[in-house]
There are 2 protein chains.
Amino acid sequence: MPLLVVGSIGIDTIEAPTGVATDVLGGAATYFSYAASFFTPVRLVGVVGEDFPAEHRRLLESRKIDTAGLDVRRGGKTFRWRGRYSADMNSRETLEVHLNVLADFNPRLPESYRAAPFVFLANGAPATQLAVLEQMHAPRLAVADTMDLWIKTQHDDLLRLLKRIDGLVINDQEARMLAGTDNLVRAGRAIQAMGPRFVVLKKGEHGAMFFSRDETYVMPAYPTPDVIDPTGAGDSFAGGYMGYLASSAEPSDTGLKRAMAYGTVTASFTVEGFSLDRLAQISRADIDRRFAEYQNMTAF
Amino acid sequence: MPLLVVGSIGIDTIEAPTGVATDVLGGAATYFSYAASFFTPVRLVGVVGEDFPAEHRRLLESRKIDTAGLDVRRGGKTFRWRGRYSADMNSRETLEVHLNVLADFNPRLPESYRAAPFVFLANGAPATQLAVLEQMHAPRLAVADTMDLWIKTQHDDLLRLLKRIDGLVINDQEARMLAGTDNLVRAGRAIQAMGPRFVVLKKGEHGAMFFSRDETYVMPAYPTPDVIDPTGAGDSFAGGYMGYLASSAEPSDTGLKRAMAYGTVTASFTVEGFSLDRLAQISRADIDRRFAEYQNMTAF
(Lines give C-alpha, C1' and ligand atoms only; values in the text may rest on other atoms or scores of the structure.)
Protein backbone atom coordinates (compact mmCIF):
# COMPACT_ATOMS: atom_id res chain seq x y z
CA MET A 1 0.00 0.00 0.00
CA PRO A 2 1.15 3.58 -0.61
CA LEU A 3 3.52 5.13 1.90
CA LEU A 4 3.78 8.90 2.22
CA VAL A 5 6.94 10.54 3.52
CA VAL A 6 7.41 14.21 4.30
CA GLY A 7 10.83 15.59 5.10
CA SER A 8 14.15 17.03 4.05
CA ILE A 9 15.89 16.60 0.72
CA GLY A 10 19.36 18.02 0.49
CA ILE A 11 22.80 18.16 -1.00
CA ASP A 12 25.47 16.83 1.37
CA THR A 13 29.21 17.04 1.54
CA ILE A 14 30.58 14.33 3.76
CA GLU A 15 34.07 13.99 5.18
CA ALA A 16 34.69 10.51 6.53
CA PRO A 17 37.85 8.53 7.33
CA THR A 18 36.96 6.54 4.20
CA GLY A 19 36.98 9.57 1.89
CA VAL A 20 35.15 12.74 0.98
CA ALA A 21 31.93 12.92 -1.01
CA THR A 22 31.11 16.36 -2.38
CA ASP A 23 27.63 17.60 -3.30
CA VAL A 24 25.89 14.25 -3.11
CA LEU A 25 22.19 13.58 -2.74
CA GLY A 26 21.10 13.50 0.91
CA GLY A 27 18.28 14.38 3.27
CA ALA A 28 16.11 12.29 5.57
CA ALA A 29 13.18 11.94 3.14
CA THR A 30 15.55 10.97 0.33
CA TYR A 31 17.13 8.06 2.20
CA PHE A 32 13.75 7.05 3.59
CA SER A 33 12.07 7.07 0.17
CA TYR A 34 14.74 5.11 -1.59
CA ALA A 35 14.93 2.49 1.18
CA ALA A 36 11.12 2.15 1.35
CA SER A 37 10.84 1.84 -2.43
CA PHE A 38 12.23 -1.70 -2.25
CA PHE A 39 9.00 -2.65 -0.49
CA THR A 40 6.13 -0.42 -1.53
CA PRO A 41 5.12 2.59 -3.68
CA VAL A 42 6.32 5.82 -2.07
CA ARG A 43 4.91 9.33 -2.29
CA LEU A 44 7.47 11.96 -1.49
CA VAL A 45 6.77 15.45 -0.17
CA GLY A 46 9.70 17.82 0.14
CA VAL A 47 11.14 21.09 -1.07
CA VAL A 48 14.20 21.80 -3.18
CA GLY A 49 15.63 24.80 -5.00
CA GLU A 50 16.00 25.41 -8.71
CA ASP A 51 19.57 24.18 -8.36
CA PHE A 52 18.42 20.64 -7.54
CA PRO A 53 20.14 18.44 -10.15
CA ALA A 54 17.85 16.70 -12.61
CA GLU A 55 19.88 13.50 -12.18
CA HIS A 56 18.89 13.33 -8.50
CA ARG A 57 15.22 13.62 -9.37
CA ARG A 58 15.64 10.97 -12.05
CA LEU A 59 17.32 8.63 -9.57
CA LEU A 60 14.29 8.86 -7.28
CA GLU A 61 11.83 8.50 -10.15
CA SER A 62 13.67 5.43 -11.41
CA ARG A 63 12.28 3.76 -8.30
CA LYS A 64 8.63 3.51 -7.28
CA ILE A 65 8.85 7.03 -5.85
CA ASP A 66 6.17 9.51 -6.84
CA THR A 67 7.69 13.01 -6.87
CA ALA A 68 4.46 14.90 -7.60
CA GLY A 69 4.79 16.31 -4.08
CA LEU A 70 8.28 17.67 -4.70
CA ASP A 71 8.06 21.44 -4.45
CA VAL A 72 10.71 23.12 -6.63
CA ARG A 73 11.11 26.75 -5.54
CA ARG A 74 11.87 29.22 -8.29
CA GLY A 75 15.09 31.05 -7.54
CA GLY A 76 15.52 29.05 -4.36
CA LYS A 77 18.47 26.98 -3.26
CA THR A 78 18.35 23.43 -2.01
CA PHE A 79 19.13 22.61 1.64
CA ARG A 80 22.85 21.90 2.09
CA TRP A 81 24.73 20.12 4.84
CA ARG A 82 28.41 19.48 5.34
CA GLY A 83 29.61 17.15 8.09
CA ARG A 84 32.68 15.36 9.31
CA TYR A 85 32.80 11.95 10.97
CA SER A 86 35.15 10.95 13.78
CA ALA A 87 37.73 8.22 13.20
CA ASP A 88 35.41 5.49 14.53
CA MET A 89 32.43 7.02 12.65
CA ASN A 90 30.30 6.92 15.79
CA SER A 91 30.06 10.69 16.04
CA ARG A 92 30.01 13.58 13.61
CA GLU A 93 30.13 17.34 13.63
CA THR A 94 28.18 19.66 11.41
CA LEU A 95 30.64 21.92 9.60
CA GLU A 96 28.09 23.87 7.58
CA VAL A 97 24.34 23.96 7.30
CA HIS A 98 22.36 26.11 4.90
CA LEU A 99 18.63 25.60 5.35
CA ASN A 100 17.85 27.58 2.18
CA VAL A 101 14.36 26.62 0.92
CA LEU A 102 13.92 24.24 3.86
CA ALA A 103 13.71 27.25 6.20
CA ASP A 104 10.09 27.93 5.27
CA PHE A 105 8.95 24.43 4.39
CA ASN A 106 5.18 24.34 4.80
CA PRO A 107 4.23 21.09 3.17
CA ARG A 108 0.99 21.08 1.19
CA LEU A 109 -0.04 17.56 0.33
CA PRO A 110 -1.38 16.92 -3.17
CA GLU A 111 -5.01 15.80 -2.84
CA SER A 112 -4.09 12.37 -4.18
CA TYR A 113 -1.62 11.89 -1.28
CA ARG A 114 -4.03 12.61 1.57
CA ALA A 115 -5.57 9.16 1.71
CA ALA A 116 -2.21 7.36 1.95
CA PRO A 117 -2.70 4.65 4.59
CA PHE A 118 0.90 4.86 5.83
CA VAL A 119 2.73 8.08 6.63
CA PHE A 120 6.20 8.85 7.89
CA LEU A 121 7.01 12.30 9.21
CA ALA A 122 10.77 12.47 8.85
CA ASN A 123 12.69 14.66 11.25
CA GLY A 124 11.32 18.21 11.15
CA ALA A 125 9.66 20.81 13.35
CA PRO A 126 6.85 19.13 15.35
CA ALA A 127 4.48 21.98 14.37
CA THR A 128 5.13 21.15 10.70
CA GLN A 129 4.69 17.44 11.36
CA LEU A 130 1.35 18.17 13.06
CA ALA A 131 0.28 20.35 10.12
CA VAL A 132 0.92 17.41 7.78
CA LEU A 133 -1.16 15.08 9.94
CA GLU A 134 -4.03 17.61 9.80
CA GLN A 135 -4.10 17.24 6.02
CA MET A 136 -4.28 13.44 6.11
CA HIS A 137 -7.48 11.39 5.90
CA ALA A 138 -7.10 9.07 8.90
CA PRO A 139 -3.97 7.09 8.02
CA ARG A 140 -3.75 3.56 9.39
CA LEU A 141 -0.26 4.12 10.70
CA ALA A 142 1.49 7.44 11.29
CA VAL A 143 5.10 7.36 12.49
CA ALA A 144 7.44 10.29 13.15
CA ASP A 145 11.13 10.92 13.74
CA THR A 146 12.47 13.83 15.79
CA MET A 147 15.78 15.29 17.01
CA ASP A 148 17.47 17.10 19.89
CA LEU A 149 16.75 20.56 18.43
CA TRP A 150 12.98 20.05 18.69
CA ILE A 151 13.20 18.42 22.11
CA LYS A 152 14.88 21.60 23.31
CA THR A 153 13.06 24.29 21.34
CA GLN A 154 9.57 22.92 20.55
CA HIS A 155 8.93 20.69 23.52
CA ASP A 156 5.21 21.40 23.82
CA ASP A 157 4.53 20.84 20.13
CA LEU A 158 6.52 17.62 20.32
CA LEU A 159 4.41 16.40 23.25
CA ARG A 160 1.27 17.21 21.25
CA LEU A 161 2.66 15.29 18.29
CA LEU A 162 3.42 12.26 20.48
CA LYS A 163 -0.26 12.00 21.35
CA ARG A 164 -1.24 12.02 17.69
CA ILE A 165 1.09 9.41 16.19
CA ASP A 166 1.17 5.63 16.31
CA GLY A 167 4.93 5.32 16.47
CA LEU A 168 8.03 7.37 17.18
CA VAL A 169 11.46 6.61 15.77
CA ILE A 170 14.20 8.28 17.80
CA ASN A 171 17.91 7.79 18.34
CA ASP A 172 19.48 6.79 21.65
CA GLN A 173 20.94 10.15 22.72
CA GLU A 174 17.71 11.94 21.86
CA ALA A 175 15.64 9.35 23.72
CA ARG A 176 17.78 9.91 26.81
CA MET A 177 17.26 13.65 26.50
CA LEU A 178 13.50 13.43 25.95
CA ALA A 179 12.93 10.94 28.77
CA GLY A 180 15.49 12.42 31.17
CA THR A 181 17.09 9.06 31.98
CA ASP A 182 20.27 7.32 30.84
CA ASN A 183 18.88 3.78 30.91
CA LEU A 184 17.57 3.15 27.41
CA VAL A 185 14.94 0.63 28.50
CA ARG A 186 13.49 3.14 30.93
CA ALA A 187 13.78 5.91 28.33
CA GLY A 188 11.96 3.90 25.66
CA ARG A 189 9.16 2.97 28.05
CA ALA A 190 8.82 6.54 29.33
CA ILE A 191 8.50 7.93 25.81
CA GLN A 192 5.96 5.28 24.87
CA ALA A 193 3.94 6.39 27.89
CA MET A 194 3.91 9.94 26.46
CA GLY A 195 1.49 8.85 23.76
CA PRO A 196 2.66 6.73 20.83
CA ARG A 197 1.59 3.11 20.65
CA PHE A 198 5.22 2.15 20.06
CA VAL A 199 8.70 3.60 20.13
CA VAL A 200 11.62 2.43 18.01
CA LEU A 201 14.91 3.50 19.54
CA LYS A 202 17.82 3.56 17.09
CA LYS A 203 21.33 2.84 18.41
CA GLY A 204 23.33 3.10 15.17
CA GLU A 205 25.97 0.37 14.95
CA HIS A 206 24.45 -1.21 18.06
CA GLY A 207 21.04 -1.90 16.58
CA ALA A 208 17.57 -0.92 17.69
CA MET A 209 15.06 -1.42 20.50
CA PHE A 210 11.27 -1.60 20.41
CA PHE A 211 8.83 -0.57 23.10
CA SER A 212 5.06 -0.93 23.21
CA ARG A 213 2.85 -1.21 26.28
CA ASP A 214 3.23 -4.98 26.35
CA GLU A 215 6.49 -5.64 24.58
CA THR A 216 10.17 -4.73 24.78
CA TYR A 217 12.66 -6.17 22.35
CA VAL A 218 16.05 -5.56 20.86
CA MET A 219 17.90 -6.33 17.66
CA PRO A 220 21.58 -5.91 16.88
CA ALA A 221 22.76 -4.14 13.74
CA TYR A 222 23.76 -6.37 10.84
CA PRO A 223 27.54 -6.73 11.26
CA THR A 224 28.96 -5.29 8.05
CA PRO A 225 32.74 -4.94 7.80
CA ASP A 226 32.33 -2.31 5.06
CA VAL A 227 31.20 0.89 6.71
CA ILE A 228 31.95 3.71 4.27
CA ASP A 229 29.49 6.40 5.39
CA PRO A 230 26.89 6.18 8.18
CA THR A 231 24.87 9.15 6.82
CA GLY A 232 21.25 8.22 6.25
CA ALA A 233 21.46 4.91 8.13
CA GLY A 234 18.69 5.88 10.55
CA ASP A 235 16.45 7.18 7.76
CA SER A 236 17.08 4.06 5.67
CA PHE A 237 16.24 1.96 8.71
CA ALA A 238 12.95 3.84 9.03
CA GLY A 239 12.35 3.46 5.29
CA GLY A 240 12.85 -0.30 5.39
CA TYR A 241 10.72 -0.48 8.53
CA MET A 242 7.76 1.51 7.17
CA GLY A 243 8.17 0.12 3.66
CA TYR A 244 7.84 -3.43 4.92
CA LEU A 245 4.84 -2.52 7.10
CA ALA A 246 3.09 -0.81 4.20
CA SER A 247 3.74 -3.83 1.97
CA SER A 248 2.31 -6.22 4.54
CA ALA A 249 -0.90 -4.27 5.07
CA GLU A 250 -1.67 -4.82 8.76
CA PRO A 251 0.94 -3.88 11.36
CA SER A 252 0.61 -6.93 13.61
CA ASP A 253 3.07 -7.54 16.48
CA THR A 254 4.94 -10.05 14.34
CA GLY A 255 4.85 -7.65 11.40
CA LEU A 256 6.41 -4.90 13.51
CA LYS A 257 9.19 -7.26 14.52
CA ARG A 258 9.96 -8.38 10.99
CA ALA A 259 9.80 -4.74 9.93
CA MET A 260 12.57 -3.94 12.41
CA ALA A 261 14.71 -6.68 10.90
CA TYR A 262 14.03 -5.36 7.39
CA GLY A 263 14.89 -1.85 8.52
CA THR A 264 18.14 -3.14 10.02
CA VAL A 265 19.15 -4.98 6.88
CA THR A 266 18.24 -2.11 4.55
CA ALA A 267 20.31 0.34 6.63
CA SER A 268 23.27 -2.06 6.55
CA PHE A 269 23.47 -1.57 2.79
CA THR A 270 23.20 2.22 3.02
CA VAL A 271 26.34 2.51 5.16
CA GLU A 272 28.35 0.49 2.64
CA GLY A 273 28.64 3.52 0.34
CA PHE A 274 28.29 7.28 0.22
CA SER A 275 24.85 8.77 -0.38
CA LEU A 276 22.56 6.28 -2.17
CA ASP A 277 25.47 4.65 -4.01
CA ARG A 278 25.15 1.23 -2.41
CA LEU A 279 21.35 1.16 -2.35
CA ALA A 280 21.39 2.00 -6.06
CA GLN A 281 23.40 -1.20 -6.70
CA ILE A 282 21.06 -3.63 -4.99
CA SER A 283 17.67 -5.19 -5.56
CA ARG A 284 14.96 -6.47 -3.25
CA ALA A 285 16.47 -9.94 -3.70
CA ASP A 286 19.74 -8.73 -2.12
CA ILE A 287 17.79 -7.40 0.84
CA ASP A 288 15.91 -10.69 1.21
CA ARG A 289 19.14 -12.69 1.03
CA ARG A 290 20.74 -10.61 3.75
CA PHE A 291 17.50 -10.76 5.75
CA ALA A 292 17.67 -14.56 5.70
CA GLU A 293 21.34 -14.45 6.71
CA TYR A 294 20.54 -12.01 9.54
CA GLN A 295 17.68 -14.19 10.70
CA ASN A 296 19.92 -17.23 10.78
CA MET A 297 22.66 -15.27 12.53
CA THR A 298 20.44 -14.10 15.37
CA ALA A 299 18.50 -17.35 15.94
CA PHE A 300 19.65 -19.71 18.69
CA MET B 1 31.67 -31.49 33.04
CA PRO B 2 34.09 -29.66 35.35
CA LEU B 3 35.10 -26.15 34.44
CA LEU B 4 38.33 -24.68 35.76
CA VAL B 5 38.75 -20.93 36.16
CA VAL B 6 41.93 -19.13 37.10
CA GLY B 7 41.87 -15.42 37.90
CA SER B 8 41.43 -12.58 40.32
CA ILE B 9 39.41 -12.57 43.51
CA GLY B 10 39.11 -9.24 45.25
CA ILE B 11 37.36 -6.83 47.52
CA ASP B 12 35.72 -3.95 45.67
CA THR B 13 34.35 -0.58 46.61
CA ILE B 14 32.02 0.70 43.94
CA GLU B 15 30.64 4.21 43.50
CA ALA B 16 27.74 4.26 41.07
CA PRO B 17 24.90 6.71 40.42
CA THR B 18 22.71 4.08 42.10
CA GLY B 19 24.68 4.05 45.35
CA VAL B 20 27.96 3.04 46.95
CA ALA B 21 28.94 -0.51 47.88
CA THR B 22 31.88 -0.74 50.26
CA ASP B 23 34.18 -3.76 50.61
CA VAL B 24 32.08 -6.18 48.62
CA LEU B 25 33.17 -9.43 47.01
CA GLY B 26 34.56 -8.91 43.51
CA GLY B 27 37.16 -10.11 41.04
CA ALA B 28 36.89 -11.67 37.58
CA ALA B 29 37.20 -15.28 38.76
CA THR B 30 34.59 -14.68 41.46
CA TYR B 31 31.91 -13.42 39.07
CA PHE B 32 32.85 -16.06 36.52
CA SER B 33 32.65 -18.91 39.05
CA TYR B 34 29.36 -17.89 40.51
CA ALA B 35 27.75 -17.39 37.08
CA ALA B 36 29.12 -20.69 35.76
CA SER B 37 27.97 -22.57 38.84
CA PHE B 38 24.36 -22.36 37.63
CA PHE B 39 25.38 -24.70 34.83
CA THR B 40 28.26 -26.95 35.87
CA PRO B 41 30.69 -27.80 38.69
CA VAL B 42 33.42 -25.14 38.92
CA ARG B 43 36.99 -25.41 40.16
CA LEU B 44 38.39 -22.10 41.25
CA VAL B 45 42.06 -21.14 41.33
CA GLY B 46 42.93 -17.78 42.83
CA VAL B 47 44.82 -16.07 45.60
CA VAL B 48 43.56 -14.08 48.59
CA GLY B 49 45.05 -12.70 51.79
CA GLU B 50 44.42 -13.70 55.36
CA ASP B 51 41.92 -10.84 55.53
CA PHE B 52 39.57 -12.55 53.05
CA PRO B 53 36.24 -12.77 54.91
CA ALA B 54 35.05 -16.29 55.70
CA GLU B 55 31.54 -15.31 54.57
CA HIS B 56 32.81 -14.71 51.03
CA ARG B 57 34.38 -18.15 50.87
CA ARG B 58 31.20 -19.66 52.27
CA LEU B 59 29.13 -17.89 49.61
CA LEU B 60 31.23 -19.50 46.88
CA GLU B 61 31.19 -22.90 48.58
CA SER B 62 27.41 -22.73 48.92
CA ARG B 63 27.40 -23.16 45.15
CA LYS B 64 29.02 -25.97 43.16
CA ILE B 65 32.35 -24.15 43.40
CA ASP B 66 35.37 -26.14 44.55
CA THR B 67 37.72 -23.80 46.42
CA ALA B 68 40.53 -26.31 46.96
CA GLY B 69 42.57 -24.18 44.55
CA LEU B 70 42.09 -21.02 46.60
CA ASP B 71 45.52 -19.99 47.87
CA VAL B 72 45.25 -18.11 51.18
CA ARG B 73 48.51 -16.24 51.83
CA ARG B 74 49.56 -16.00 55.43
CA GLY B 75 50.00 -12.37 56.43
CA GLY B 76 48.95 -11.27 52.94
CA LYS B 77 46.20 -8.88 51.95
CA THR B 78 43.52 -9.53 49.35
CA PHE B 79 43.48 -7.59 46.06
CA ARG B 80 41.41 -4.42 46.37
CA TRP B 81 39.83 -2.19 43.76
CA ARG B 82 37.83 1.01 44.07
CA GLY B 83 36.06 2.47 41.05
CA ARG B 84 33.53 5.10 40.09
CA TYR B 85 30.99 4.87 37.27
CA SER B 86 29.89 7.74 35.06
CA ALA B 87 26.27 8.93 35.16
CA ASP B 88 25.26 6.67 32.26
CA MET B 89 27.35 3.77 33.72
CA ASN B 90 29.02 3.19 30.35
CA SER B 91 32.45 4.20 31.60
CA ARG B 92 34.29 4.03 34.88
CA GLU B 93 37.49 5.24 36.42
CA THR B 94 39.71 3.34 38.79
CA LEU B 95 40.13 5.40 41.96
CA GLU B 96 42.37 2.94 43.81
CA VAL B 97 43.95 -0.39 43.08
CA HIS B 98 46.01 -2.45 45.51
CA LEU B 99 47.27 -5.66 43.91
CA ASN B 100 48.47 -7.02 47.28
CA VAL B 101 48.76 -10.83 47.03
CA LEU B 102 47.70 -10.72 43.36
CA ALA B 103 51.04 -9.05 42.52
CA ASP B 104 52.90 -12.35 42.62
CA PHE B 105 50.11 -14.72 41.64
CA ASN B 106 51.74 -17.84 40.20
CA PRO B 107 48.89 -20.27 40.04
CA ARG B 108 49.75 -23.88 40.88
CA LEU B 109 46.90 -26.17 39.91
CA PRO B 110 45.96 -28.94 42.33
CA GLU B 111 46.63 -32.28 40.63
CA SER B 112 42.92 -33.04 40.61
CA TYR B 113 42.25 -29.89 38.56
CA ARG B 114 44.67 -30.59 35.72
CA ALA B 115 42.39 -32.88 33.79
CA ALA B 116 39.46 -30.42 33.74
CA PRO B 117 38.04 -30.55 30.21
CA PHE B 118 37.03 -26.88 30.18
CA VAL B 119 39.25 -24.03 31.31
CA PHE B 120 38.79 -20.28 31.46
CA LEU B 121 41.78 -18.03 31.94
CA ALA B 122 40.22 -14.88 33.35
CA ASN B 123 41.96 -11.59 32.67
CA GLY B 124 45.58 -11.77 33.85
CA ALA B 125 49.13 -11.52 32.52
CA PRO B 126 49.42 -13.63 29.35
CA ALA B 127 52.61 -15.23 30.72
CA THR B 128 50.63 -16.40 33.74
CA GLN B 129 47.79 -17.62 31.53
CA LEU B 130 50.31 -19.59 29.44
CA ALA B 131 51.84 -21.06 32.61
CA VAL B 132 48.39 -22.34 33.62
CA LEU B 133 47.87 -23.94 30.22
CA GLU B 134 51.22 -25.73 30.60
CA GLN B 135 49.90 -27.44 33.71
CA MET B 136 46.72 -28.69 32.03
CA HIS B 137 46.26 -32.15 30.52
CA ALA B 138 44.90 -31.29 27.05
CA PRO B 139 41.63 -29.52 27.86
CA ARG B 140 38.85 -29.82 25.29
CA LEU B 141 38.21 -26.11 25.32
CA ALA B 142 40.49 -23.37 26.63
CA VAL B 143 39.22 -19.79 26.54
CA ALA B 144 40.93 -16.64 27.81
CA ASP B 145 40.07 -13.04 28.54
CA THR B 146 42.56 -10.16 28.33
CA MET B 147 42.75 -6.39 28.77
CA ASP B 148 44.39 -3.20 27.45
CA LEU B 149 47.28 -3.39 29.94
CA TRP B 150 48.52 -6.70 28.46
CA ILE B 151 47.94 -5.58 24.90
CA LYS B 152 50.30 -2.69 25.62
CA THR B 153 52.86 -4.29 27.93
CA GLN B 154 52.96 -8.02 27.10
CA HIS B 155 52.09 -8.02 23.44
CA ASP B 156 54.38 -10.91 22.45
CA ASP B 157 53.17 -13.17 25.26
CA LEU B 158 49.62 -12.32 24.32
CA LEU B 159 50.24 -13.29 20.69
CA ARG B 160 51.75 -16.60 21.90
CA LEU B 161 48.68 -17.17 24.06
CA LEU B 162 46.34 -16.52 21.13
CA LYS B 163 47.92 -19.43 19.25
CA ARG B 164 47.36 -21.76 22.20
CA ILE B 165 43.70 -21.12 23.06
CA ASP B 166 40.43 -22.13 21.44
CA GLY B 167 38.61 -18.92 22.19
CA LEU B 168 39.27 -15.35 23.25
CA VAL B 169 36.77 -13.19 25.11
CA ILE B 170 37.58 -9.49 24.77
CA ASN B 171 35.73 -6.22 25.11
CA ASP B 172 35.11 -3.80 22.25
CA GLN B 173 37.67 -1.12 23.09
CA GLU B 174 40.37 -3.71 23.68
CA ALA B 175 39.51 -5.51 20.45
CA ARG B 176 39.92 -2.22 18.57
CA MET B 177 43.29 -1.70 20.22
CA LEU B 178 44.55 -5.23 19.59
CA ALA B 179 43.41 -5.30 15.96
CA GLY B 180 44.24 -1.67 15.17
CA THR B 181 40.89 -0.96 13.53
CA ASP B 182 37.72 0.80 14.67
CA ASN B 183 35.27 -1.43 12.79
CA LEU B 184 34.34 -4.17 15.24
CA VAL B 185 33.58 -6.73 12.53
CA ARG B 186 37.03 -6.24 11.05
CA ALA B 187 38.58 -6.24 14.53
CA GLY B 188 36.91 -9.51 15.52
CA ARG B 189 37.94 -11.21 12.30
CA ALA B 190 41.51 -9.93 12.55
CA ILE B 191 41.89 -11.23 16.11
CA GLN B 192 40.42 -14.59 15.14
CA ALA B 193 43.07 -14.77 12.41
CA MET B 194 45.75 -14.33 15.11
CA GLY B 195 45.10 -17.85 16.37
CA PRO B 196 41.97 -18.67 18.35
CA ARG B 197 39.24 -20.75 16.74
CA PHE B 198 36.72 -18.14 17.85
CA VAL B 199 36.51 -14.67 19.33
CA VAL B 200 33.69 -13.36 21.50
CA LEU B 201 33.63 -9.59 21.50
CA LYS B 202 31.77 -8.06 24.43
CA LYS B 203 30.02 -4.71 23.97
CA GLY B 204 28.51 -4.21 27.44
CA GLU B 205 24.97 -2.86 27.24
CA HIS B 206 25.10 -3.36 23.47
CA GLY B 207 25.55 -7.12 23.54
CA ALA B 208 28.18 -9.36 22.03
CA MET B 209 29.58 -10.52 18.70
CA PHE B 210 31.01 -13.88 17.67
CA PHE B 211 33.67 -14.59 15.06
CA SER B 212 34.98 -17.91 13.80
CA ARG B 213 36.53 -18.63 10.41
CA ASP B 214 33.12 -19.41 8.93
CA GLU B 215 30.68 -17.51 11.09
CA THR B 216 29.96 -13.98 12.27
CA TYR B 217 27.01 -13.25 14.48
CA VAL B 218 25.69 -10.74 16.96
CA MET B 219 23.36 -10.69 19.92
CA PRO B 220 21.95 -7.70 21.78
CA ALA B 221 22.12 -7.47 25.56
CA TYR B 222 18.97 -8.44 27.44
CA PRO B 223 17.18 -5.11 27.98
CA THR B 224 16.93 -4.78 31.73
CA PRO B 225 15.56 -1.51 33.14
CA ASP B 226 17.25 -2.20 36.49
CA VAL B 227 20.95 -1.55 36.04
CA ILE B 228 22.39 -1.08 39.52
CA ASP B 229 26.08 -1.93 38.97
CA PRO B 230 27.75 -3.11 35.74
CA THR B 231 30.80 -4.52 37.60
CA GLY B 232 31.38 -8.15 36.72
CA ALA B 233 28.94 -8.19 33.80
CA GLY B 234 31.62 -9.31 31.34
CA ASP B 235 32.94 -12.00 33.69
CA SER B 236 29.42 -13.23 34.40
CA PHE B 237 28.77 -13.33 30.67
CA ALA B 238 31.89 -15.49 30.26
CA GLY B 239 30.80 -17.64 33.20
CA GLY B 240 27.38 -18.29 31.71
CA TYR B 241 28.98 -18.91 28.32
CA MET B 242 31.58 -21.41 29.49
CA GLY B 243 29.26 -22.92 32.11
CA TYR B 244 26.68 -23.73 29.48
CA LEU B 245 29.32 -25.15 27.13
CA ALA B 246 30.77 -27.35 29.89
CA SER B 247 27.28 -28.58 30.75
CA SER B 248 26.53 -29.48 27.16
CA ALA B 249 29.71 -31.46 26.62
CA GLU B 250 30.56 -30.77 22.96
CA PRO B 251 30.97 -27.19 21.80
CA SER B 252 29.08 -27.44 18.50
CA ASP B 253 28.29 -24.34 16.44
CA THR B 254 24.74 -24.35 17.80
CA GLY B 255 26.07 -24.92 21.30
CA LEU B 256 28.35 -21.88 21.01
CA LYS B 257 25.39 -19.78 19.92
CA ARG B 258 23.15 -20.89 22.74
CA ALA B 259 26.07 -20.38 25.11
CA MET B 260 26.26 -16.74 24.03
CA ALA B 261 22.57 -16.31 24.81
CA TYR B 262 23.04 -17.95 28.22
CA GLY B 263 26.02 -15.70 28.91
CA THR B 264 23.93 -12.67 27.96
CA VAL B 265 21.05 -13.63 30.21
CA THR B 266 23.29 -14.52 33.18
CA ALA B 267 25.08 -11.16 32.92
CA SER B 268 21.74 -9.34 32.81
CA PHE B 269 21.05 -10.56 36.34
CA THR B 270 24.50 -9.57 37.62
CA VAL B 271 24.00 -5.89 36.74
CA GLU B 272 20.71 -5.79 38.66
CA GLY B 273 22.58 -5.59 41.97
CA PHE B 274 25.96 -4.80 43.51
CA SER B 275 28.53 -7.59 43.71
CA LEU B 276 26.87 -11.03 43.63
CA ASP B 277 23.72 -9.75 45.36
CA ARG B 278 21.35 -10.40 42.48
CA LEU B 279 22.90 -13.68 41.36
CA ALA B 280 22.61 -14.91 44.95
CA GLN B 281 18.83 -14.38 44.77
CA ILE B 282 18.19 -16.42 41.65
CA SER B 283 18.12 -20.05 40.57
CA ARG B 284 18.79 -21.82 37.30
CA ALA B 285 15.02 -21.74 36.70
CA ASP B 286 15.11 -17.91 36.70
CA ILE B 287 17.90 -17.98 34.12
CA ASP B 288 15.95 -20.43 31.95
CA ARG B 289 12.80 -18.33 32.18
CA ARG B 290 14.67 -15.19 31.09
CA PHE B 291 16.45 -17.22 28.40
CA ALA B 292 13.07 -18.22 26.94
CA GLU B 293 11.90 -14.61 27.10
CA TYR B 294 15.12 -13.42 25.42
CA GLN B 295 14.76 -16.07 22.73
CA ASN B 296 11.20 -14.98 22.03
CA MET B 297 12.22 -11.33 22.06
CA THR B 298 14.93 -11.75 19.44
CA ALA B 299 13.10 -14.13 17.09
CA PHE B 300 11.35 -12.72 14.05
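**Entry 1: a salt bridge.** I started with the side chains of B:Asp226 and A:Arg186, which meet in a salt bridge at 3.0 Å, N to O. The term stands for a side-chain nitrogen of Lys or Arg within 4 Å of a carboxyl oxygen of Asp or Glu. Between chain A and chain B I found a count of 4 salt bridges.

**Ground rules.** I noted that this is a predicted model, where local features need pLDDT of at least 70, side-chain atom pairs count only at pLDDT 80 or more, and totals for chains, interfaces and linings use all residues. Residues are numbered from 1 along each chain as its sequence is written, chains are lettered from A and ligands numbered from 1 in the order in which they are written, and side-chain values use heavy atoms, with hydrogens and water left out.

**Entry 2: the interface.** How many residues of chain A are in contact with chain B? I got 36 residues of chain A, in contact with 36 residues of chain B; contact means heavy atoms within 4.5 Å. The area buried between the two chains is about 2,900 Å², and carbon and sulfur atoms give 58% of it. Buried area is the accessible area (1.4 Å probe) that two parts lose on being put together, summed over both.

**Entry 3: H8 and H9 of chain B.** Helices here are DSSP runs (H or I, at least four residues), numbered from the N terminus. Helix H8 (residues 233-247) and helix H9 (residues 253-270) of chain B pack at about 140°, with axes 7 Å apart. Axes are lines fitted to C-alpha atoms over the stretch in contact, and angles run from 0 to 180 degrees between N-to-C directions. Because of that angle, H8(B) is oblique to H9(B); angles under 35 degrees count as roughly parallel, over 145 as roughly antiparallel, 65 to 115 as roughly perpendicular and the rest as oblique. The contact includes B:Phe237 and B:Tyr241 of H8(B) and B:Leu256 and B:Met260 of H9(B).

**Entry 4: H1 and H8 of chain A.** The axes of helix H1 (residues 28-36) and helix H8 (residues 233-247) of chain A come within 7 Å and cross at roughly 40°. That makes H1(A) oblique to H8(A). Among the residues that meet, I wrote down A:Tyr31 and A:Phe32 in H1(A) and A:Ala238 and A:Met242 in H8(A).

**Entry 5: H9 and H10 of chain A.** Last, I looked up helix H9 (residues 253-270) and helix H10 (residues 284-298) of chain A, which pack at about 115° with axes 9 Å apart.

Note on methods:
Helices (H or I, at least four residues) and strands (E, at least two) are DSSP runs, numbered from the N terminus.
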